[in-house]
Structure formats: structure tokens, C-alpha cells
Amino acid sequence: MRIAIDAMGGDNAPEATVEGALSAAAEWKDTDITLVGDRERIESVLNGRVLPANLSIRHTSETIDAQDEPVKAVRRKKDASMVVAGRMVKEGEADAMISAGNTGALMTTGLLVVGRMEGIERPALAPMIPTIDDQGVLALDLGANMDAKPEHLAQYALMGSLYRQKVHGVASPRVGLLNVGTEAGKGNELTKLAFPLIEQLPVNFVGNVESRDVLTGNCDVLVCDGFAGNIMLKSLEGTAGAIFSLLKEQFSKSLKTKLAAALIMRELRGLKDKLDYKEHGGAPLLGLSGLVLKGHGSSDGIAVKNAVRQARTALQNQLVESISKEISRK
């Protein structure tokens, strides 16, 4: 297996990407990892450490920044680390790529450089959302496409179901459609038309799911358009952040509350860990002709290593080939 990592992508690059790559290379000797980026900056992080045999550097002279306009950046910065990593997948030099960089630019790289899978109209960003039962729910699309057609949601349902099967080992993933009510006739025109299309697919469709039930784990795959999905995701993140801020405020009010906090500190940290993005590593861009994973912008070395783990599992279970095979039947 050959995995290319955009060494310059993310808030903590290249330190986090280098540390994550070193850790991954040490654990999985059968995986060749390439750090794609500015050789001088990467070597400064290495600080004299010798690269293991299965880790190499591919020098690039440009970087796509968070403020860059995605399409212009991908088209003009031909030697950007993200673009070169995508080209490696396209040309067969790598089996997968990982980047924690500009989301829009990565989506553009996927479309313009790696290329869409035949039969797929809109690739989807599919991160895992933590749930109370610790199983998580794969939600797609959460921001790659702001507008969608019913046929796109049907493709998301199929791709998401296959991902949960191949990568997470869920035998019969429960697929739900994000909606304002659980009845089949609820929703806007998009969800009303998508519902019967998903019903006809070879997936375990459990019907409409309300956003208030997402964290209870009542489905394994949540299908939605990128606009609604991103609003839901940001709402969940904001709510979680507000709750932790309120808890901190309350537990800091007096000596009594500080002592109470000390007694349950282990449990509070466990609760925070449930919501930790580092454990999931990255979100796949499903529907591309090659495997592309989007890491959280604040990814540290642990998150980068877990993204490599995620890529390995997807490659071992031939995720891209399985999706292509199912789509070609439609």
C-alpha cells in the first residue's frame, strides 16, 4: 500500500503530519508513506532523525493556504503539495492521499485531479459524528456540495452503506434520511423525492431521521444535502462547546464545586474523548476514482496516524472498487 500525505496541509503542519507519518510508518511496515511538501521544512521538523525505509519525501515548491480560492489555487499552483498528492493517486504512484488542508481545495483536487468515479455526479464529504453508544454515524454530505438532487442523495446512501460495511465492519448498516419528521411524506421537495429512490436501493433503509435523534445512534449512515448537513454539524459542534464551557464555569465557582470536579475529572475527560475528532482520523471524499481522506484542520500527529489507519482499512477492503461496482449496476 502506498499513501501520500499532504505534509503542508492543516493548522499544525508540517509538525503534525511529520510526527503522524513517522508513527504510522513505524507501526505498519507494509505501507509506503510519502510526505509531499517543502523538503526543507519537513527536514527541519525531523531534526536529524533518519527516515524509516517505508517513509519518503516528495519535494514541492508551493502550498495551498486556507484563504486561497479553491478552483484558482488548484489550477494555478500545479506544484502545490495537495495537488501533487492528488496527481500521485491519479497516475498510480499512490493508492490513497490524506490532507488536512483547505476543504474546498481538496474537493477541487478530487474533482479536477483525481477525477470522479464513472456514474457518480457529486462526490460527498463523509465524516463520522460521535454518538452516545460509541458506534458513531457516518454522515454525508456535510459540505462538499451545497445543492443536491434526489439522485445524488440516493448515491450518497449507497456509498455510505458500502463504506460502513467495508471500513467499519457493520454487516447491515442502517441508512437514515435527515428530515424534519419521521413520516415518509415529511420534508421538502428534495427529501420527498429522495425517499422512494433510497427505498429501492439494496441498503437497509430505516426511513427519515430527525436531527435531535442523530446522537442516539438510531442509524449508521445519515444522508443529507451539504447545506443542511453542514448546518447540523456546526450546530452539534457549537452545542458541545457551549455545554463544556458551562460545565467549566459551574465547576469553577467555589471550593466545593472545584472539589466535585476533581472527583469526576476522569469521567469528564472520558466524555470529552467521546467527541474527539482525533480518533476518527479523517473524512473520506466518496465518489472519486481514488481514495482521498480529509483530515480535520486542527489534526495533530495522532489524528494523522489514525487517518493512515483508516486509509489502510479502506484499501484492504477495496472500498473504491466496491463502490464503483455497485454504481455501475444502477
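This is a predicted model: local features need pLDDT of at least 70, side-chain atom pairs count only at pLDDT 80 or more; totals for chains, interfaces and linings use all residues.
This short talk walks through the packing, the backbone and the charged pairs of one protein model.

Residues are numbered from 1 along each chain as its sequence is written, and side-chain values use heavy atoms, with hydrogens and water left out.

Let me start with the inside. A nonpolar core is a set of buried Ala, Val, Leu, Ile, Met, Phe, Trp, Tyr and Cys residues joined through side-chain atoms within 4.5 Å, where buried means under 20% relative accessible area, exposed means over 50%, and partly exposed lies in between, with a 1.4 Å probe and protein chains only. The largest such core has 58 residues, and those with the most contacts inside it are I5, I198 and V223. Helix α6, residues 150-168, gives the most to this core, with nine residues; helices (H or I, at least four residues) and strands (E, at least two) are DSSP runs, numbered from the N terminus. At least three residues of this core come from each of domain 1 (2-119 + 280-318) and domain 2 (128-235), the domain bounds being taken from an automatic or database assignment. Apart from this core lies another, of 24 residues, among them A4, V36, L125 and L285.

If we look at I5 and leave aside its neighbours within four places in sequence, its contacts (heavy atoms within 4.5 Å) include T17, I33, V304 and V308.

Now to the rings. Rings of Phe, Tyr and Trp (its six-membered ring) pair if their centres lie within 6.5 Å, and planes under 30 degrees apart count as stacked, over 60 as edge-to-face and the rest as tilted. By this rule there is one aromatic pair, and F195 and F205 form it edge-to-face, at 5.0 Å centre to centre with 70 degrees between the planes. The two residues are 10 apart in the chain, F195 in helix α7 (189-199) and F205 in strand β9 (204-210). F195 counts as buried because its relative accessibility is 10%, and F205 is buried too, at 17%.

Next, the backbone. Most residues other than glycine have a negative phi, and most peptide bonds are trans. Here, however, the bond from A13 to P14 is cis, with omega near 0 degrees, and P14 sits in the loop between β1 (2-6) and α1 (15-27). Another cis bond joins L140 and D141, with omega about 10 degrees. D134, although not a glycine, has a positive phi of about 70 degrees, and D134 counts as exposed because its relative accessibility is 55%.

Finally, which residue does D30 meet in a salt bridge? A salt bridge is a side-chain nitrogen of Lys or Arg within 4 Å of a carboxyl oxygen of Asp or Glu, and a search of the whole structure finds 10 of them. The partner of D30 is R312, at 2.8 Å from N to O, and this pair links parts of the chain 282 residues apart, with D30 in the loop between α1 and β2 (32-37) and R312 in helix α11. D30 is partly exposed at 46% relative accessibility, whereas R312 is buried at 10%. R58 also forms a salt bridge, with E93, the closest N and O atoms being 3.0 Å apart.
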